[in-house]
Amino acid sequence: MGCGTIVRFGVIAVLFQMGLGHWVVPPALLPENSRGPFPAKVVQIKSLQQLEMTYQINGEGADLDPKGVFIIDKSSGWISVTQSLDREKKASYRLTVHAKGTSMNVEEKPLEIFINVIDQNDNRPEFTQNPFNGSVTEAAGRGDVFMQVTATDADDPNTYNAEVWFSIISQDPPVPKMFGINNKTGEIFVQETGFDKEICSKYTLTIQAADLQGQGMSTIGSAIITITDSNDNAPQFEKSSYTVSVPEHKVGAVVARLPVTDEDEPGSPAWSTKYRIISGDENEFFNVSTGPSQLEGIITIVKPLDLEKNKQFVLSVIVENDDPFVGALPTATTTVTVNMKRYIRMPIFGNENYRMGEVTWLQLRQIRLSYLVPNGFTEDSSCTPGFDLEEFIFKVHRDHLPKGKQIGRVVFNNCDGRTRALFQSADKRFAVRTDGIVTLKRQVTLYEHHKMFAIHAWDSSGKKHTVSVRVVESPSDGLVLTFPKSAKRQKREWVTPDSSFPENSRGPFPAQVVQIKSDFVKETPMTYTITGEGVDVDPKGIFTIDQQGWIYVIQALDREKKASYKLTAHAKGTYMNVEEKPRELVINVIDQNDNRPEFVQNPFNGNVPEAAKNGDVFMQVTATDADDPKTYNAEVWYSIVSQDPPVPKPMMFGINEITGGIYVKEASLDRLVCSKYTLTIQAADLQGTGMSSTGSAVITVTDSNNNAPQFEKPSYTVSVPENKVGVVVARLPVTDEDEVGSPAWSTKYRIISGDKNGFFNVSTGPSQLEGIITTVKPLDFEKTRQYFLSVIVENDEPFVGALHTATTTVTVNVQDVNEPPEFIPKEKTISVAEDIPVGSDLVTFTATDPDTAKTQIITYKISSDPQNWLSITETGLVKVIKEMDREALVNKDGKYKVIVLAMDDEKPPATGTGTLVIDLQDVNDNRPYIVEKSFKTCNRDSTPVLLSIMDKDGDPFGPPFRVVPVGDTGKNWSATMNETMLVLLLLMFMRRSGKKEEPLLPDDDVRDTIYYYDEEGGGEDDQDFDLSVLHRGLDNRPDVFRNDVAPTFLPAPMYRPRPANPEEIGTFIDDNLKAADTDPTAPPYDSLLVFDYEGGGSEAGSLSSLNSDSSGPDQDYDFLHEWGPRFRKLADMYGGGED
C-alpha cells in the first residue's frame, strides 16, 4: 500500500476474508532510508460508520519500542511515518488500529496492519577475516583451487544487495599474474604455473568484495599465499579391509573409522587428506569425511538402511591429499564390508492404567501392527527418547482457525526406529495424529494472536514426555485482492492499493506478487487471466497468473527501464457463465541502489584568481545518478580524494559535499609557485557512503584583476539611419593593463541608461577590448530622433578591491529615410459579378505615407494584371477596361489577383505594394458542350454510347442539361440524359443506296488504277491494280507527280523499296507511311495519294451509320489538329471555315 491508499474497516477490496467475517490487511511496504519530507503519509484508515470517528494506533513503532516511528491523525485516520527507517535495525512493524465514535458509543473491531521495510543497498560487504592465509604447492597446476575468501553483507540476503562478488585488484610481487579468483565463490586458483619457492615464497593479493554482483558497494581485503613443497608421498590406509555391523534405520551412526599415514610435511596440503567412496554405494546411503586429525576417514549413515532390501554393502574407499600429487603416485584404497543387524524389543508396560483419551495402557498391550518394535532391533545406547525440539512453533496467517485445519507437526524419537507414536494434547480443541500432525477439532480463535498448550507422548518404556506448542499468527507475505461483487460495494468506490516488487530480485522465479480472489469461487471454480503491461503489452512476458489467482513475476525487474506496470485482472467461471468486472492493478518497482553516480563531464576545468579568499567558490562539479531521485540512492555527495601537486599545502581547496561547489580552503595561492592543480573528486550516493565514481577537476590559477579597463574616449556622437536592424552604431575601444587573455583582461559591456525600450545591444568584439553597439529594433525617426546612451565596461572577473569603473556616453542621431507608402490592409478582397460592364468603377485602393514629416504625393499603377482587365488612376481608383471572365484559367476558385504599386514623389521614389483580390461572382455565360468530339460504333448490334457533357459555369448555371439530336442525326439516333452523361442509341441502319460514286480525280490522273468501293466486300473490277502507283515518287524521289505543286527538295528519308513478295505489301505500306510522316519535304496533301478511288461498277450501296455530309457544317473539327501530321490536311479542309 502506498500513499493515498484507503483502508476501511470490515468491507474493503484490499482486505481478504479469513474464516467467518474476519479480515486481514495486507502488509504495507516502505523503503528504508527515505529522504522524506517527514511525516510522510503511509495509509489511511477509514470506518464505514456514518459518524465522526476518532482513530488511534498502538504497537511496534507507536507506543512500543522503537516508539514514535508511526503516528495517526485522530480525525482523518492517516497513518504517517515520522522518520527514515532502517531495515537492518527492524525489518517490519505490527500496528493495531482502533476507531471509536467521537460523540457516540460505537467502536470498530481493532484492525491489524503490518508495515514491511524494503531493503536498500546501504551496507558494504565485510570480509569475515583480514588477511586470509593460504598455501599452494610449487607443482600446482593451472586451475587448482587452494583457498577461499569470504565476505558478508548486512543487506537483505534475498536481493542482489547482499550478493557479493570478488575480484583481484593487485598482486605483490606484481608479475606475472599467478592467481585468479572465482568471482562468486571467492575461491582462489592457480592461473599461471611455474611457482618456485626459492624465487618467491609468498604472494599478497589485494581482494575486492563488491555487492550487486560486483557492481555495487565494495570493500578491500588481502590474501597472503605461501608457496609450499610439492606432494610427493601418497597417504596409505593402515588396513586394506574392514568388516563392520550396523543396525537398520539408524541415521547418523558411525560405520567405521579408517586411519591413514602420510610422510609429507605435517600440516601442509600435501599431508592433509580427503576421502571418497568410489563403489558399493550407488544409492548414497553412506558418507565419508575427514576426521579432526586430518589422517582419518569416518564413514557415517546418511539414509535409513533396510535389512529387507539390503543385508550387506561392500564399499571401496579412496584417500587423497588436499594437494595434487607430483607425478604418478599410487592411490591407496580400502574395502569396508557393512553387515546389517535387526533387533526385536517388545514394549514394557507397568501395572498402572495410564489414560490417553479413551485408551488405557492395558488395552494398548493388545495393539501390535502400528506400534510393534521391528524384530531384531537393539536400542542404541547413545539414543535418548524424546521430542526433537524443546518447543514447537506453528505459524498461521490468521487468528480465526477453522475446524479440521492442520497447523503443524511434532516429531518424537523413540530410539527404536518407529515412525509413529501415541500423542495426547493438553488442549482438547487440538488433536494429534500418530504421525505427529496437529489438527483442530473445532474452530479456534487466537486471542492476543497466539496460543500455547502442551502435547504428551510416551516412549517404549512407558515414560511420559511433554513438549510445549505455541501457535502464533504471522502475516501473510502475499497480498490477496478480491473482486468487488455487490452493487452496494461498488458505490463505495473501493481503492486498490498499488502492489510493489523490488527491482533486481534474485528470485527464485516465478515469484509471487499478489493474489486475486473472486467471491464466486465459493460457488464455482474460477479461471483467472491478466492483460496489460508486462503481459501482452510490451515489455511482454514479465507477469503470469495461475488458476489460484496468484500473479507471478518471472524475471528480475529494472526500475530504470520501467518503474511501474498497469495490469487488468479478469475472472470467469470455469464451468458456469459468471464473470467478474475487470479489475485494474498497479505494480510499482521499488528502487534499489544499483547505479553509480556519473560525472556529467570529465575533467572539469575552472579558474581561481591568486587573490581569492577563504570560502570563495569558483567552480562546480556535478554528477547524476539513475536511481530514484526521491531516495538516498540518488543523493550524490562529493569529496576530494587527492590534490596534485600537494603544495604549498596538501589541501588548498575544499568541496561542498552536497552541491559539488569547489572553494578556496587556503588563501595563499601563488601563480608563480603553482599555476595549475588537479583534484581527484569522488561522487558517492547514499549521502557519500554508497556506490562511487571518481573524476577530476583541473584548476588554473590566474592573475588577480587589479586594473580596471578604460574607454579611449569619454564620449561618442554617431548617426544611424532609421528602420535598420543589426547595423553597427559605434565601436568603443578600451585598454586594460591586466594579463592578456585572462578573465581579468577580457571585457564585457552594459548600457546602463538611455535605452529603456531596448533598441540597442552592446557586445564584446573579437579583440575582447572593444564594445560594439548594434540596433536590435527598428528606429523610427518620426518617433525619436536622438538617443543618449551611457555604457559601462567591466572585466569577466570581479575587481580586487575598490576600482573605478569606466563609462562613456554615446549620442545616437537617427537619420530620416524615405519609407515606401503602406497599403492598409496589404491585401484587399472585393466581390463583383463577372459581367460587370466595361468602364465601371471597381474600388478605390490607396496607401498612406509613413513619412509624416514630409509632404509627398502618392501615385498608383498596376504591376500585375494577367488578363489586362483593369486600370487604376493616380488617385487609386480601379476601373474595368475589359470584360472579365470568372472561368478564365488564371483565376483560382473564381478569384482574380491584381498587384498595385503606390509610389511617392521622392527621387528615387519609394514603392509600396498592395494586392487586390477580386472575387468574381458567376453568371450564365457559357454553353454546355459534349467532351467527346467523335466516336466509333458498329452499325450492327449497336449499343448505347455514353458521352460526357460539361459546362464551365458553376451552380446554378450548370446541370441538369437537356439534349436534342441535330439534323438527320435524329433519324438514326435518340438521345437521353443520365445524370451528366448523354446516351445515344442507334435506331436503324440506313437503307442501301444503289448510287454509283464518281472518282475523286479525273480518269487520266496517275492514280487511275486505284479503285474505291461503296460496299464493304469489294467490287468486281478491283482485282487488277498496279502497285507501282503507290511506289511512284518514293524511290529517290526523282519527280513530283502533282501538276500544281513544286515542293522544295530536302535530303530524302529512308524509304523501303517495293518488296518482291506480294505478301509483304501491308508491311511495306506501313513502314513507308511512317517515313512519310517524318519527311519534312513531303507535300502537305500527300494523303490524297492513298486509296482515294476504290474501283467502280459495284452495285452495292454505301453503308454508313452517320451522315457526315448533312452534319458537317455543325461540327467542330479543330480537334483534328491534335491528331498528328496525317490529319492536318483533313483539319484544314473541315475546320478552316468557308475558305
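Modeller: Welcome! A salt bridge is a side-chain nitrogen of Lys or Arg within 4 Å of a carboxyl oxygen of Asp or Glu. We will need that for this structure, which is a predicted model.

Biologist: Thanks! What makes E88 and R87 a salt bridge?

Modeller: Their closest N and O atoms are 3.2 Å apart. The cut-off is 4 Å, so the pair qualifies. R87 and E88 also belong to a network of salt bridges that includes D119.

Biologist: Why is R87 called buried, and what is E88 called?

Modeller: Buried means under 20% relative accessible area. R87 has 15%, so R87 is buried. E88 has 27%, which falls between the 20% and 50% limits, and therefore E88 is partly exposed.

Biologist: What makes D427 and R429 a salt bridge?

Modeller: The N to O distance between their side chains is 3.1 Å, and the limit is 4 Å. D427 has a relative accessibility of 11%; the limit for buried is 20%, so D427 counts as buried.

Biologist: How do you know that K879 and D841 form a salt bridge?

Modeller: Here the closest N and O atoms are 2.5 Å apart, within the 4 Å limit. This pair links distant parts of the chain: K879 sits in strand β70 (residues 877-880) and D841 in strand β66 (residues 841-844), 38 residues apart.

Biologist: How many salt bridges does a search of the whole structure find?

Modeller: The search finds 23.

Biologist: Let's turn to a loop. Where does N705 lie, and why is N705 called buried?

Modeller: N705 is in the loop between β55 (692-702) and β56 (710-711). Its relative accessible area is 0%, and the limit is under 20%, so N705 is buried.

Biologist: What makes the pairing of N705 with N795 a polar contact?

Modeller: The two side chains make that contact at 3.0 Å, and the cut-off is 3.5 Å. Beyond its neighbours within four places in sequence, N705 is in contact with several residues, including D738, A744, F799 and L803.

Biologist: Which side chains of strand β6 are buried?

Modeller: In β6 (residues 53-59), M53, Y55, I57 and G59 point to one face and are buried.

Biologist: What does the secondary structure of the protein chain come to?

Modeller: There are 8 helices and 76 strands. Of the 1139 residues in the chain, 42% are buried.

Biologist: Now, how confident is the predictor, and what is the average pLDDT of the protein chain?

Modeller: The average is 81, and 79% of the residues score at least 70. Over residues 1-24, however, the pLDDT is below 50, although this stretch has 95 contacts in the model beyond near neighbours in sequence. The pLDDT also stays under 50 over residues 344-380, with 60 contacts beyond four places in sequence.

Biologist: Why should such stretches be read with care?

Modeller: Where pLDDT is low, the predicted coordinates should not be read in detail.

Definitions and conventions. Residues are numbered from 1 along each chain as its sequence is written. This is a predicted model: local features need pLDDT of at least 70, side-chain atom pairs count only at pLDDT 80 or more; totals for chains, interfaces and linings use all residues. Side-chain values use heavy atoms; hydrogens and water are left out. Buried means under 20% relative accessible area, exposed over 50%, partly exposed in between (1.4 Å probe, protein chains only). Helices (H or I, at least four residues) and strands (E, at least two) are DSSP runs, numbered from the N terminus. A polar contact is a pair of N or O atoms within 3.5 Å; within protein, one must be able to donate a hydrogen and the other to accept it, and residues adjacent in sequence count only if both atoms are side-chain atoms. Contact means heavy atoms within 4.5 Å. pLDDT is the predictor's confidence in each residue, from 0 to 100.
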